[in-house]
Amino acid sequence: MKGNEALAEAAIRAGCRCYFGYPITPQTEIAAYMAKRMPKEGRVFLQAESEIAAINMVLGAASAGVRAMTSSSSPGISLKSEGVSYIAGSDLPCVIINVQRGGPGLGGIQPSQSDYWQATKALGHGDFQLLVYAPSSVQEMVDMVIKAFDNADKYRMPAMILADGLLGQMMEPVSFPEIQNNRTDKPWATNGHGNKRPHNIINSLFLQADELEKLNFERYKRYEIVKRECPEAETYMTEDADIIVAAYGAVARIAKSAVNSARELGIKAGLVRPITLWPFPSDIIKKSAENAKKILVTEMSMGQMVDDIKLAIECRIPVHFYGRTGGVVPTPDEVLNEIKKLGGVQ
């Protein structure tokens, strides 16, 4: 199944009740698939008049306690950033899909990973974070959409699937779970009280500084729990590796091929792949690099994950970077050549 369509089907099976979106390449198939399937399931599909409208519709649906989702690609996510901050400031769960394209500006429609900083450091104003998942296959996109909905509900915060145009457009075998109802108890929701309880209020405006500070402190206590419970990463042949390649998403697949080729040449290479970009799996990366001499970070960007890798290993060993940008996808041979340079092999 095509990646974008698999994402959409997974969201339906995860209990998504409302989808609000707006077309933009390379994620438009998500909206098109939802337009066909959601009404058949008795659920809401609505193509909004803009990305800004779509994210605020998500805010409204999430306030009522239903599972809601939107999707877009890089420039569209930028337009949604104010609404994402309102959702986080209201402590609401939702899922946001970003099928990244090259930038900045309108850039191009080819795959990219240049929204890493936006997703993990600054998707909107104020003190808040999102759960950020980085799949590397169509099957993982399915699994992560379900996990994103579940954890968004559990921790009352937005979750993002940070995919890219390569994953969104490729076709791979995939399996789905059965459709779930997922009627999570949400006593805070504005879903009608029938005079049986005080009415609930969803709000992100707090004019008293002390009150807002208290809420931010409480939110960050919850984030500390997320940082303990949710980090995920894959390690591959890192136990004896002299050179570790760090990559996420689609590029991690390319890097794994390069690592296998390096091993065939006698170079002790390994791979570490962050699966959650926030919370960043720093402890897993630090442990995987205990015996390494060098780290090579490879991305479809100008090196946005490099600093997080340096912080994770506490700058104990040199960290090098190789990337392609603007929609250019690195090849296994390119990554292998960088590994060979670091390994002193011509």
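I am working from a predicted model, in which local features need pLDDT of at least 70 and side-chain atom pairs count only at pLDDT 80 or more, while totals for chains, interfaces and linings use all residues. Residues are numbered from 1 along each chain as its sequence is written, and side-chain values use heavy atoms, with hydrogens and water left out.

Whole chain. I looked up the secondary structure and found 12 helices and 12 strands, taken as DSSP runs (H or I of at least four residues for helices, E of at least two for strands) numbered from the N terminus. Of the 346 residues, 54% count as buried, meaning under 20% relative accessible area with a 1.4 Å probe, protein chains only.

Ser 112. I located Ser 112 in the loop between β4 (94–100) and α5 (116–121), and I noted that Ser 112 counts as buried because its relative accessibility is 1%. The side chains of Ser 112 and Ser 114 are joined by a polar contact of 2.8 Å (a pair of N or O atoms within 3.5 Å, where within protein one must be able to donate a hydrogen and the other to accept it, and residues adjacent in sequence count only if both atoms are side-chain atoms). The Ser 112 side chain also reaches the backbone oxygen of Met 300 at 3.5 Å. Leaving aside residues up to four places away in sequence, I listed Gln 100, Arg 101, Gly 102, Asp 164 and Met 300 as touching Ser 112, where contact means heavy atoms within 4.5 Å.

Technical notes: Buried < 20%, exposed > 50% of the residue type's maximum accessible area, 1.4 Å probe, protein only.
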